[in-house]
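Hello,

Here is the structure I promised to pass on. My notes follow below it.

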Amino acid sequence: MLLLSLLLTCVLYALSCSARALLVGSRDAVYPRAGSLQQVTNFGSNPTNVGMYIYVPTNLASKPGIIVAIHYCTGTASAYYSDSPYATLAEQYGFIVIYPQSPYSGTCWDVSSQATLTHNGGGNSNSIANMVTWTIAQYNADTSKVFVTGSSSGAMMTNVMAATYPALFNAATVYSGVPAGCFYSATNTPDAWNSTCAQGQSITTPAHWAAIAEAMDPGYRGARPRMQIYHGSVDTTLYPQNYYETVKQWAGVWGYDYDAPQKTEASTPEANYVTTIWGKGLQGIYATGVGHTVPIHGEGDMEWFGFA
Ligand SMILES: *[C@@H]1O[C@H](CO)[C@@H](O)[C@H](O)[C@H]1NC(C)=O
């Protein structure tokens with residue numbers, strides 16, 4: 001009797017152990033390891049070969065939010081992971097960070113081709129959207145807490161993501177970019193530089209900028225991402241005029257009167273910065289004396305995204 005129960009205990013123990021091993025094994029296979037930057041290669045269709053890196057916090061929320069954090073030219077996923085505060089903030093708030101990586105030499109983003117400027121057009125924006133969709137399914141993420149941000153070329157791409165995939169994102173923060181469509185290439189060249197736009201000479205009306213953004217996901221009538229636009233007054237890479245053109249674009253999309261913002265707050269969020277609020281969907285933050293790029297304001301982002 002004793003022998004039998006001992007035997008039974010052993011068998012049960014072995015079974016539970018192997019079941020646990022199986023579970024851990026499959027969990028490892030589907031979940032990139034938490035607490036470090038990991039590459040994901042099987043996130044779905046990726047015709048332009050954009051790299052996907054992900055930071056899953058050790059302290060993962062049960063229905064986590066997602067922040068897509070997009071690097072600048074010459075940057076990489078790993079550089080933006082190290083230089084930006086999002087991974088640290090992810091541990092604090094439990095969200096996941098996706099760091100896409102540009103496939104081009106010089107590592108700017110394609111914000112110029114027809115493909116990338118079109119919803120499901122097969123360009124870089126399409127690949128990044130597929131990363132988000134994969135992550136939502138994989139981690140049972142909260143679809144109302146998906147955000148996008150980036151610096152410089154990554155800021156241009158943030159505007160493009162908000163225009164091409166408005167249904168995917170609740171809000172965006174743009175650190176020193178240009179309006180969606182401003183880097184448009186007349187010869188449909190991917191990853192093209194556009195000096196006219198960079199130098200602040202692509203100037204048009206809120207209605208025209210809005211029409212350009214809206215044409216990127218034609219027929220879409222749903223909610224739009226809330227937009228927070230930072231720019232520095234002495235930016236010589238993407239001239240400060242791009243601040244005004246970008247806020248015109250989103251004022252147009254949100255139906256705000258660009259010329260009549262709700263309010264302007266001096267010295268906000270810090271000295272020499274002015275915050276202009278058009279409504280819940282649009283804030284512009286103009287930084288006097290700041291060049292390219294405006295430093296990431298991690299705590300401000302947490303508030304804008306609703307984590308803090
Ligand atoms: C640069 O972008 C503007 C729109 O911002 C466009 O009108 C112009 O054709 C583009 N230039 C090139 C060389 O494609």
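**Confidence**

The mean pLDDT of the protein is 92, and 90% of its residues reach 70 or more. pLDDT is the predictor's confidence in each residue, from 0 to 100. This is a predicted model, in which local features need pLDDT of at least 70, side-chain atom pairs count only at pLDDT 80 or more, and totals for chains, interfaces and linings use all residues. Numbering starts from 1 along each chain as its sequence is written.

Where pLDDT is low, the predicted coordinates should not be read in detail.

**Strand β7**

Strands are DSSP runs (E, at least two residues), numbered from the N terminus. All 7 of the 7 residues of β7 (residues 226–232) are buried, so the rest of the structure largely encloses this strand. Buried means 20 or more other C-beta atoms, placed from the backbone, within 10 Å of the residue's own. Arg226, Gln228, Tyr230 and Gly232 point one way from β7, while Met227, Ile229 and His231 point the other way.

β7 runs parallel to β6 (residues 171–175), joined by 5 bridges. Tyrosine 175 stands opposite tyrosine 230. β7 also runs parallel to β10 (residues 282–287), with 6 bridges. There, isoleucine 229 has glycine 284 as its bridge partner.

Best wishes

Definitions and conventions. Buried ≥ 20, exposed ≤ 12 C-beta atoms within 10 Å, placed from the backbone. Helix = DSSP H or I, 4+ residues; strand = E, 2+ residues; numbered from the N terminus. Pairing = 2+ DSSP bridges.
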